[in-house]
Amino acid sequence: MAYNIPERYSDLTPAPQLDKKTLNKMVWMSCFLQASFNYERMQACGWLWGILPGLQKIHTNKDDLKASMAHNLDFLNTHPFLVTFVMGIVLSLEQNKTETQTIRSVRISAAGPLGGIGDALFWLTLVPITAGLTANIAMEGNILGAVLFLIIFNAVQFVVRWWLMHWSYNLGTKAVTMLTSNAKEFTRAASILGIFVVGGLIANYGATSLRITVGSPTINIQSLIDGILPKLIPLLITLGIYTLIKKGWTPVKCILLILVTGIVGCAFGIWAGDSKAMDNDGNTIAGGYNPLVEWYTYDGGEKEPSAKEQKHATQEIIKQLQDLGIKIDATADAIGDLGYGGSGYEQK
C-alpha cells in the first residue's frame, strides 16, 4: 500500500540546533552513501542512513519522522565527497519544519550541480596533484608512495566533508544560492587547473620514445624529435587518446589499443626500452632488447664497456705507467680501483 507523504509536518515547532557530536557522526556515516546503490533511487538508501541521526533528534513526533524518512528516500544522485553540503542544508530546513515539498525541491537543486563540481575538484585536480607528488616515491619501488597517496587524498576529502557539513548547516538555504550562482565559474577554474596538472605529468613522466636509427654516420630519430619538441610522442599519444574518447571510444578500448601498439611496436623495434637483458658475454643488449623483426641495423652510439673490457683497459694503463717508471701495486683490488677512480699507485 502506497504511503502519501503529507505536505506539512504535524509538529511545526522549530527544533533545537543540532549539536556538533551529531553533525560529526553524520559526517562519518556519509561515507556509506553508495553502500546500497541501486538504479531505481541511486544513492537514496545511503543518504537516509547518513542523515537519520539528525532527523531522529529533529522529529520527536513519530508520524513526522515517518514522513521525513519517506521523502528522504526520493531519487538522489550527487558527488559522494560533497554530499554533506546537501545534508547540512536539508537538516536546517527540517529543523525549521519547512514544507516537505520545499525540502524535496531544495535537496534536488543542491545535489545536482555537485556532480560536475566534485569531479572537477577531486578527480581532475586533487588526484593528479596527489599522484604527481607521490609517484616518484612509488616508481622507486617504495610502498610509501602508495601509502602517502591514500593518506593525502583521504585526509583532504574527509576535511572537505566535515567542513561542508558544519558550514552549510549554519548557512542554511543561502548556501544553495551561493552554489548555483558560482557553479559554472568554479567548475571551469578547477577543470583548467586539472588540465595544467595533467599536462605537467605528461611532460614529467611520459617516457615513450623511438629506438630507430638510420644512416651512416648513425642518426638517432628520437634525438631529432627531441630537438624539435621534447616529449612530443607522449603528447601525441595523449592527444590521440583524447580524440578517440571524444569520438565515443571507451577507456577500456583505449587501454587495449595502447597495449597492442606497444607490443607490436616492440616486436618491430620501433619503441625504445631496456629489458636489462644480457648476451652470453655478460654485455647488455644494444637497444635494450632484440626485436622479433629486425628491419634496420641498430647503432645506439658509444656504449658502456663491459667488465672484461674495463679490466683489459686498466691493465693497459698499468703497463704504460710502469714503462714511465711509476711503481704500481698490481693486485686485483688495485686494478679495480685504478680502473675507475682509485689510486693504487705511487711514483718512484
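Modeller: Start with burial. Buried means under 20% relative accessible area, exposed over 50%, and partly exposed in between (1.4 Å probe, protein chains only). D74 has 18% relative accessibility, so D74 counts as buried. This is a predicted model, where local features need pLDDT of at least 70, side-chain atom pairs count only at pLDDT 80 or more, and totals for chains, interfaces and linings use all residues. Residues are numbered from 1 along each chain as its sequence is written, and side-chain values use heavy atoms, with hydrogens and water left out.

Biologist: Where does D74 lie, and with which side chain does the side chain of D74 make a polar contact?

Modeller: A polar contact is a pair of N or O atoms within 3.5 Å; within protein, one must be able to donate a hydrogen and the other to accept it, and residues adjacent in sequence count only if both atoms are side-chain atoms. D74 sits in the loop between α3 (62-71) and α4 (83-95), with helices taken as DSSP runs (H or I, at least four residues) numbered from the N terminus. Its side chain pairs with that of R104 at 2.6 Å.

Biologist: How does one check the span of helix α9?

Modeller: The expected span is 1.5 Å times one less than the number of residues. For the 15 residues of α9 (residues 232-246) that gives 21 Å, and the end C-alpha atoms are 21 Å apart, which agrees.

Biologist: Which residues of α9 are buried?

Modeller: I233, P234, I241 and L244 are. The face turned away from the buried side carries the exposed L236, Y242 and K246.

Definitions and conventions
Helices (H or I, at least four residues) and strands (E, at least two) are DSSP runs, numbered from the N terminus.
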